[in-house]
Amino acid sequence: MSITIKTAADIAAMREACRLASEVLDYIAPHIQPGITTLEIDRLGAECMARQGTRSATVGYQPPGYPPYPASLCTSVNHVVCHGIPNDKPLKKGDIVNVDVTVITQDGWYGDSSRMYLIGECSVAAKRLCALTYEAMWHGILQVKPGAKLGDIGHAIQKFAEGHGLSVVREFCGHGIGKNFHEEPQVLHYGRPGTLEELKPGMIFTIEPMLNVGRREIKELGNDGWTIITKDRSLSAQWEHTVLVTPTGYEVLTLSAGYPALPDFVHATTT
């Protein structure tokens, strides 16, 4: 599959899809408190999508070799790296949880974003991991401009993460997105600058680093076919934005009022 360059009409449709994905994350945010279950978070997300007129891309999603995914959201708690299936275990103070949402609009466009939520007062290590993973994502986003290479994104993320003693999960990556959930290109969160595909205006893809406090190795949890955890059971965090390559740089399509403030270095770069 080749990389799809989006037209002006495509980009407008993707702005709307990504706005709606972010709206789901904003909607659930006030409810994510100690005592809520990830199953309840999933119900709230599905409720928001129903009100929007969107639907979840993950319900019944079944890539080759996987069972159908059973929920509207992915909810990955503590040492779960990604694809955590919502369950009835209450979240407790000190937990961290990534909520990953992908909506499909009535016109068939996909919007994709994920966010970390801290449950009550968390440890210094947990807060640091979530904050640094957020910053790592932005270091990757800042590389996005015409003429840059995909390797520049991965290198920026890896250099920042490893410079702060965190490890980068390599088995999962960002991806192109549009009328399909996963399109070309693959967007690695590690690598060498000046390598891989050249970025061109109209490309849309996700940047979604998964960083661990401990080692980068991962494994499957149990036999549900989906849940991935850190092999050493160390904490893991992830943030995800969908990004458009513009003629002069980048546009983050999944920004919303509920997202954390941009890191200071992003303000410094864009003003």
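1. Contact here means heavy atoms within 4.5 Å. By that criterion, residues 24 or more positions apart make up 71% of the contacts in the protein chain with a separation of 6 or more.

2. On provenance: this is a predicted model, in which local features need pLDDT of at least 70, side-chain atom pairs count only at pLDDT 80 or more, and totals for chains, interfaces and linings use all residues. Residues are numbered from 1 along each chain as its sequence is written, and side-chain values use heavy atoms, with hydrogens and water left out.

3. Overall fold. The protein chain has five helices and 15 strands. These are DSSP runs, numbered from the N terminus: helices are H or I with at least four residues, strands are E with at least two. The radius of gyration is 17 Å, close to the 18 Å from the globule rule for 271 residues, so the protein chain is as compact as a globular protein of that length. That radius is taken over C-alpha atoms, and the rule is 2.2 Å times the number of residues to the power 0.38. Along the principal axes, the C-alpha atoms fill a box of roughly 45 × 45 × 40 Å.

4. Burial and surface. Buried means under 20% relative accessible area, exposed over 50%, and partly exposed in between (1.4 Å probe, protein chains only). Of the 271 residues, 53% count as buried. The protein chain exposes about 11500 Å², with carbon and sulfur atoms supplying 53% of that area. Areas come from the Shrake-Rupley method with a 1.4 Å probe; for residues, only the protein chains shown count as cover.

5. Charge. There are 24 positive and 29 negative side chains, and the centres of the two sets lie 4 Å apart. Lys and Arg count as positive, Asp and Glu as negative; His and the chain ends are not counted. Each charge is placed at NZ of Lys, CZ of Arg, CG of Asp or CD of Glu.

6. Helix H1, residues 8-28. Its 21 residues should span 30 Å at 1.5 Å a residue; the end C-alpha atoms are 31 Å apart, which agrees. The expected span is 1.5 Å times one less than the number of residues. Buried positions in H1 include Asp 10, Met 14, Cys 18 and Leu 25. The buried residues of H1 pack against helix H2 (38-52) and strands E4 (96-104), E5 (110-118), E9 (204-207) and E14 (241-245).

7. Helix H3, residues 124-141. The 18 residues should span 26 Å, and the end C-alpha atoms are 26 Å apart, which agrees. Among its buried residues are Leu 129, Tyr 134 and Trp 138.

8. Ser 236. This residue sits in strand E13 (residues 236-238). Ser 236 is buried, at 3% relative accessible area. Leaving aside neighbours within four places in sequence, its contacts include Asn 78, His 79, Met 116, Leu 129 and Thr 230. Lys 93 is 143 residues from Ser 236 in sequence and 17 Å away, C-alpha to C-alpha.

9. Backbone points to check. Most residues other than glycine have a negative phi, and most peptide bonds are trans. Asn 78 has a positive phi, near 60°. Asn 78 lies in the loop between strands E2 (74-77) and E3 (80-82), and counts as buried at 16% relative accessibility. Arg 233 also has a positive phi, near 65°. Arg 233 lies in the loop between strand E12 (228-230) and E13, and is partly exposed at 48%.

10. Cis bond. Glu 184 and Pro 185 are joined by a cis peptide bond, with omega about 5°. Pro 185 belongs to strand E8 (residues 183-187).
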